[in-house]
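This report walks through one protein model, part by part. Keep the sequence and the structure in view while reading.

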Amino acid sequence: MQEKNIEVEIRSFISKEKYEKLLEFLKENAEFIKEDLQETHYFDCDEDLRIQKNKFGSKIWFKYGKIHDDAREELEIKMNEDDFDKAKKIFTSIGLCTEIKWLRDRKQFNWEGIKVCLDYTKGYGYIIELEKMSSKEEKEKIFNELKEKFDKLNIEITLKEKFEKKFNDYKENWETLIENAMD
């Protein structure tokens with residue numbers, strides 16, 4: 001059996017109005033999985049290394065590749081919520097600092113076998129993300145399946161360049177953006 005450790009995802013910035021319409025659509029047409037309030041720290045290293053605490057616990061995770069790649073291998077270690085501060089202390093003790101902090105309200109659904117997340121990230125905006133785990137051999141097929149679902153939802157894929165620009169702006173200004181964001 002092929003290992004499914006490749007996260008294939010497609011995402012787009014959406015307006016608050018589109019977010020609310022999608023939320024209603026998903027409540028009627030998908031299985032609600034959970035709502036989660038997440039605090040995520042990205043560390044200032046050459047790799048994509050993060051820690052997160054949420055309503056269900058905490059985790060350390062590492063993603064290979066570039067931040068907005070369509071498919072990336074992912075490693076994850078789940079922990080108790082109390083372990084978040086310990087993990088943060090370990091990373092800062094070896095010289096890593098929080099480069100970015102996200103405060104996200106995520107609503108997760110299962111829609112036709114696909115993980116759908118509607119996110120509001122404080123200071124960053126509204127995003128829809130479709131995700132499915134895949135083997136290396138199937139990642140192109142899964143990516144095309146996700147694109148078809150975006151078409152069905154009448155959503156245009158946000159160009160990677162726009163995500164990069166917005167991400168880099170957030171990276172430079174996240175402390176001010178979080179402080180000044182309206183909830």
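Four elements each supply at least two residues to the lining of the second largest pocket: β2, β3, β6 (98-111) and α4 (160-180). The model is a predicted one. Helix α4 gives the most to this lining, with four residues. The volume of the second largest pocket is about 300 Å³. Its lining is made of 17 residues, and Cys45, Glu47, Asp48, Ile67 and Phe167 are the closest to its centre. By type, the lining of the second largest pocket splits into seven nonpolar, two polar and eight charged residues.

The largest pocket holds about 710 Å³ of space. Its lining has 36 residues, and those nearest its centre are Gln52, Lys59, Trp61, Arg104 and Arg106. The lining of the largest pocket consists of 10 nonpolar, eight polar and 18 charged residues.

Asp48, one of the residues closest to the centre of the second largest pocket, belongs to strand β3. Is Asp48 buried or exposed? Its relative accessibility is 8%, so Asp48 counts as buried, the cut-off for buried being under 20%. Leaving aside residues up to four places away in sequence, Asp48 touches Tyr42, Trp61, Phe62, Lys63, Ile67 and Arg72. Met133 is 85 residues from Asp48 in sequence, and their C-alpha atoms are 18 Å apart in space.

The next topic is the aromatic rings. There are 14 aromatic pairs in the structure. In one of them, the ring centres of Tyr42 and Phe167 are 6.2 Å apart and the ring planes stand at 55 degrees, so this pair is tilted. It joins distant parts of the chain, since Tyr42 is in strand β2 and Phe167 is in helix α4, 125 residues apart. Tyr42 has a relative accessibility of 9% and therefore counts as buried. Phe167 is buried too, at 8%.

A further aromatic pair is made by Phe62 and Tyr64, with 4.8 Å from centre to centre and 85 degrees between the planes, which is an edge-to-face arrangement. Phe62 counts as buried because its relative accessibility is 18%, whereas Tyr64, at 39%, is partly exposed. The two pairs are set out below.

| Aromatic pair | Distance between ring centres | Angle between planes | Arrangement |
|---|---|---|---|
| Tyr42 and Phe167 | 6.2 Å | 55 degrees | tilted |
| Phe62 and Tyr64 | 4.8 Å | 85 degrees | edge-to-face |

Tyr42 and Phe167 also belong to an aromatic cluster, together with Phe13, Trp102, Tyr124, Phe163 and Tyr170.

Helix α2 covers residues 83-93, and its buried residues are Asp83, Phe84, Ala87 and Phe91. Why do these residues sit on the same side of α2? They cover an arc of only 110 degrees around the axis, and this puts them on the same side. The face turned away from the buried side carries Asp85, Lys86, Lys89 and Ser93, which are exposed. The buried residues of α2 are covered by parts of the chain that include strands β2 (31-43), β3 (48-54), β4 (57-63) and β5 (71-79). After α2 comes Gly95, which has a positive phi near 100 degrees.

Most residues other than glycine have a negative phi. Glu112 is not a glycine, yet its phi is positive, at about 55 degrees. It is found in the loop between β6 and β7 (114-121). With a relative accessibility of 44%, Glu112 counts as partly exposed. Asn154 likewise has a positive phi, of about 60 degrees, without being a glycine. Its place is the loop between α3 and α4. Asn154 is exposed, at a relative accessible area of 65%; the cut-off for exposed is over 50%.

Helix α3 (residues 139-152) contains Asn144. This residue has a relative accessibility of 36% and so counts as partly exposed. Asn144 and Ile10 are 134 residues apart along the chain, while 9.8 Å separates their C-alpha atoms.

Methods: Residues numbered from 1 in each chain as written. Predicted model: local features only at pLDDT ≥ 70, side-chain atom pairs only at ≥ 80, totals over all residues. Heavy atoms only, no water. Buried < 20%, exposed > 50% of the residue type's maximum accessible area, 1.4 Å probe, protein only. Arc of directions from axis to C-beta. Contact = heavy atoms within 4.5 Å. 1 Å grid on protein atoms, 1.4 Å probe; cavity = no way out; pocket = protein on both sides within 12 Å on 5 of 7 lines; lining within 4 Å. Points joined across faces, edges and corners; volume = space filled by probe spheres on them. Nonpolar A, V, L, I, M, F, W, Y, C, P; charged D, E, K, R; others polar. Phe/Tyr/Trp six-rings, centres within 6.5 Å; stacked < 30°, edge-to-face > 60°.
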